[in-house]
Amino acid sequence: MIKWDQIPEFSRHEFDDPEHPGSGDLFNEVAFYKLLDLRRKTGWPIVTHVAVGGAVDVGGTHGHAKGSYHGESKGFCAVDFHFITDAGTREQYQAVAESGFPGIGVYYDWHWNGKLLPIGFHVDDRPKDKAQRWTRKAGKYLYFLK
């Protein structure tokens, strides 16, 4: 279990399904500690997209794909986020790529507080034999691995 009171970088509500307060406790512990390690290694604050259902999705109501790693059937092991940093997009991607997440989505079309983000990420702790990298362009998903 994640010991929220011992981790100053994040709080449980940053992983909650917005329709289910307290559900951040369901977030996968292994995925959480990978994200925490990424935060600590880079020194860059991470903004989880919890306000739009970007972490735990209890009822599958936040627009994620069927069978999403945001859901219970896959262990609540996905989170969408962006960094607060002046680092370039390539440096940010490289840090995420080195974080150990088998699933990484790269998004250039996400908005936050009314502004287009330079880059945003989905990460998940799917099984390694299902590793995948993807992006979305003009609403179409492009998967790097077959």
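Which residue of β2 does V47 stand opposite? V47 stands opposite H82 in β2.

## Basis of the description

This is a predicted model, in which local features need pLDDT of at least 70 and side-chain atom pairs count only at pLDDT 80 or more, whereas totals for chains, interfaces and linings use all residues. Residues are numbered from 1 along each chain as its sequence is written, and side-chain values use heavy atoms, with hydrogens and water left out.

Helices (H or I, at least four residues) and strands (E, at least two) are DSSP runs, numbered from the N terminus. Two strands are taken to pair if DSSP finds at least two bridges between them.

## The sheet

Six strands form an open sheet with mixed pairing, in the order β1-β2-β6-β3-β7-β8. Its edges are β1 (46-48) and β8 (140-143), each of which pairs on one side only. On average, neighbouring strands of this sheet are turned by 30° against each other, direction ignored; axes are lines fitted to C-alpha atoms, for helices over the stretch in contact, and angles run from 0 to 180 degrees between N-to-C directions.

Three bridges join β1 and β2 in the antiparallel sense. β2 is also antiparallel to β6, through four bridges, and V79 has V123 in β6 as its bridge partner. On pairing with strand β3 (residues 103-107), strand β6 (residues 120-124) is again antiparallel, over five bridges. Here G105 has H122 of β6 as its bridge partner.

Six of the six residues of β2 are buried (under 20% relative accessible area; exposed is over 50%, partly exposed in between; 1.4 Å probe, protein chains only), so the strand is largely enclosed by the rest of the structure. Both of its faces are covered: A78, D80 and H82 are buried on one side, and V79, F81 and F83 on the other.

Helix α1 (residues 29-42) lies across β1, β2 (78-83) and β6, where contact means heavy atoms within 4.5 Å. The helix runs at about 15° to β2.

## Salt bridges

A salt bridge is a side-chain nitrogen of Lys or Arg within 4 Å of a carboxyl oxygen of Asp or Glu. By this rule the count comes to six. One of them joins D37 and K41, with the closest N and O atoms 3.2 Å apart. Because D37 and K41 are four residues apart in helix α1, about one helical turn separates them. D37 is partly exposed, at 34% relative accessible area, while K41 is exposed, at 65%.

A further salt bridge, between R136 and D109, has its closest N and O atoms 2.9 Å apart. This pair links distant parts of the chain: R136 lies in strand β7 (residues 132-137) and D109 in the loop between β3 and β4 (111-112), 27 residues apart. R136 is partly exposed, with a relative accessible area of 21%, and D109 is likewise partly exposed, at 32%.

The side chains of D124 and R126 also meet in a salt bridge, at 2.7 Å from N to O. D124 is buried, at 0% relative accessibility, and R126 is buried as well, with a relative accessible area of 14%.
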